[in-house]
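Dear colleague,

I am handing over the structure below for your records. Please look through it before reading the notes that come after it.

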Amino acid sequence: MAALDEAAATPVLAGGISLGAHLAVEWALANPDRCAGLLLALPAWNGAPGDAPAAVSARLSAQAVRDHGLDATLAAVDTEPWLTTELNRAWRRAEPGLAESLDIAATRPAPELADLTRIAVPAGIAGCRDDPVHPIEVARTWAATMPRAKLCATTLTALGQDRESLGRATVLAWLGAGGVTRMEQ
């Protein structure tokens, strides 16, 4: 959040994936005059995390890393090869504090739906129809709740074949939400 504050000398597009999407909205709510729009992929829940699939997954992953170590936890991941590769890359970068970071992610509240109604900037939201950890229903609810939001749905299968597909879906949704009204020449 501090890095975004520092970078936002002029209005910026803020965005993120999963917890990053939650944080982008949190920042936009605190800085409405510095946020030009939102690019939000795979929001995971609203309000308290409770037993949201992404929160449960983060808690279980944190415990596995503590109990068995990073290498054994990654070796036990049973998912698509591309996702295993992404987890391997991201989780190794997060060490040695991975378990603690996952615990924080699992317990941090997301914006409440009432807060989402206060987002006045264009918001592009992307969700994956086949993602059990980040249910598409959450992305649909966020898009229906924000006054200037659009949703573009994709799939994890598409993401596995084209890593840019999720970002492209988010930008397309943002454009549809009114992110660009006129191009200067």
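The notes below describe the nonpolar cores and then the salt bridges.

Please bear in mind that this is a predicted model.

The largest nonpolar core consists of 23 residues. Val25, Leu38, Leu40, Ile119, Ile125, Trp142 and Met146 are the residues with the most contacts inside it. At least two residues of this core come from each of β1 (12-17), α2 (19-30), β2 (35-41), β3 (123-128) and α8 (136-145). Helix α2 supplies the largest share, namely six residues. Beyond its neighbours within four places in sequence, Leu38 is in contact with several residues, including Leu13, Val25, Ile119 and Trp174. There is also a second, separate core of ten residues, among them Val65, Leu74, Trp91 and Leu102.

Ten salt bridges were found in the whole structure. One of them joins Glu26 to Arg108, with the closest N and O atoms 2.6 Å apart. This pair links distant parts of the chain, since Glu26 lies in helix α2 and Arg108 in the loop between α6 (98-107) and α7 (113-116), 82 residues apart. Glu26 is partly exposed, at a relative accessible area of 30%, and Arg108 is partly exposed at 29%.

Asp103 forms a salt bridge with Arg66, the closest N and O atoms lying 2.9 Å apart. Here helix α6, which holds Asp103, is linked to helix α3 (residues 53-68), which holds Arg66.

Arg163 pairs with Glu86 in a further salt bridge, where the closest N and O atoms are 2.8 Å apart. Together with Arg89, these two residues belong to a network of salt bridges.

Yours sincerely

Notes: Residues are numbered from 1 along each chain as its sequence is written. This is a predicted model: local features need pLDDT of at least 70, side-chain atom pairs count only at pLDDT 80 or more; totals for chains, interfaces and linings use all residues. Side-chain values use heavy atoms; hydrogens and water are left out. A nonpolar core is a set of buried Ala, Val, Leu, Ile, Met, Phe, Trp, Tyr and Cys residues joined through side-chain atoms within 4.5 Å. Buried means under 20% relative accessible area, exposed over 50%, partly exposed in between (1.4 Å probe, protein chains only). Helices (H or I, at least four residues) and strands (E, at least two) are DSSP runs, numbered from the N terminus. Contact means heavy atoms within 4.5 Å. A salt bridge is a side-chain nitrogen of Lys or Arg within 4 Å of a carboxyl oxygen of Asp or Glu.
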